[in-house]
Amino acid sequence: KSRTFTMIKPDAVENGHVGAILEKISASGFKIVAMKMTQMSKTDAENFYAIHNERPFFSELVTFMTRGPIVAAILEKENAVSDFRTLIGATNPSDAADGTIRKLFATSLGENAVHGSDSDENALIESVFHFSGREIF
Ligand code: ATP
């Protein structure tokens with residue numbers, strides 16, 4: 001089995017979707033092996049999204065991701081990274097397939113409810129960014 005990293009973003013927490021999103025993740029065969037509610041600082045968000053720092057939406061993304069709590073988690077399943085990207089759907093909820101988490105719960109292209117790692121390598125980097133060894137099971 002492999003692992004991926006996810007965040008339930010501030011929009012979905014504000015809108016009361018944490019329980020429904022975790023239910024959908026569990027029902028789709030992912031085991032939660034780490035989880036916490038936390039809030040990213042400006043520096044955290046700038047570092048986490050450093051790959052996007054030249055993009056026009058970077059400051060909007062940092063403001064959004066720091067405006068309230070998130071739920072960070074590590075998920076385990078066969079083909080975790082790719083199967084989780086399928087479960088969350090396209091970045092823009094209006095392009096996301098029916099039944100996907102973004103189709104069901106996202107607000108807009110920027111405020112799209114959830115993050116999912118895009119590779120095994122990034123899943124590990126992002127997991128270590130948010131969790132210490134004692135918080136991962
Ligand atoms: P994530 O990395 O959060 O799983 P993703 O891989 O689907 O999302 P990326 O292209 O890596 O999408 O963009 C990272 C995040 O930046 C998006 O999830 C979204 O919140 C935000 N974002 C992307 N494009 C835009 C845009 N054009 N305007 C505003 N925000 C955007």
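Let me start with a definition: the radius of gyration is taken here over C-alpha atoms, and the globule rule to compare it with is 2.2 Å times the number of residues to the power 0.38. With 137 residues, a compact globule would come out near 14 Å, and the protein chain has 14 Å, so the two agree. Along its principal axes, the C-alpha trace spans about 35 × 35 × 25 Å.

Two notes before we go on. Residues are numbered from 1 along each chain as its sequence is written. The model is a predicted one, where local features need pLDDT of at least 70 and side-chain atom pairs count only at pLDDT 80 or more, while totals for chains, interfaces and linings use all residues.

Now, the parts list. The protein chain has 7 helices and 4 strands. Reading from the N terminus, the order is β-α-α-β-α-α-β-α-α-β-α.

How much of the chain is buried? A residue is called buried if 20 or more other C-beta atoms lie within 10 Å of its own, exposed if 12 or fewer do, and partly exposed in between, with C-beta atoms placed from the backbone. By that count, 34% of the 137 residues are buried. As for contacts, two residues are in contact if their C-beta atoms, placed from the backbone, lie within 7 Å. Among contacts with a separation of 6 or more, 72% join residues 24 or more positions apart.

Let's turn to the sheet. In general, strands of a sheet pair through backbone hydrogen bonds, either parallel or antiparallel. Two strands are said to pair here if DSSP finds at least two bridges between them. The 4 strands form an open sheet in the order S2-S3-S1-S4, and the pairing is antiparallel. At the edges are S2 (31-38) and S4, each pairing on one side only. On average, neighbouring strands of this sheet are turned by 15° against each other, direction ignored. Angles like this run from 0 to 180 degrees between N-to-C directions, and axes are lines fitted to C-alpha atoms, for helices over the stretch in contact.

We can walk across the sheet strand by strand. S2 and S3 run antiparallel and are joined by 7 bridges; one of the pairs is Ala34 with its bridge partner Ile74 in S3. S1 (residues 2-8) and S3 (residues 70-77) are also antiparallel, over 7 bridges. Here Ser2 stands opposite Lys77, Met7 has Ala72 as its bridge partner, and Ile8 stands opposite Val71.

H5 (residues 80-88) touches S1, S3 and S4, and its direction makes about 35° with that of S1. H7 (residues 120-130) touches S1 and S3, with its direction at about 55° to that of S1.

S1 is mostly covered, with 6 of its 7 residues buried.

His115 brings us to the ligand. Which residues are around it? They are Phe57, Glu60, Leu61, Thr91, Leu109, Gly110, Asn112, His115, Gly116 and Asp118, where a residue is near a molecule if its C-beta atom, placed from the backbone, lies within 6 Å of it. The shell divides into 3 nonpolar, 5 polar and 2 charged residues. H4 (58-65) and S4 (114-116) each supply at least two residues of the shell.

A last stop is the backbone. Most residues other than glycine have a negative phi. Ala113 has a positive phi, near 75°, and sits in the loop between H6 (101-105) and S4. Ala113 is buried, because 27 other C-beta atoms lie within 10 Å. Asn79 also has a positive phi, near 55°, in the loop between S3 and H5. Asn79 counts as exposed, because it has 12 C-beta neighbours inside 10 Å.

Terms used. Nonpolar A, V, L, I, M, F, W, Y, C, P; charged D, E, K, R; others polar.
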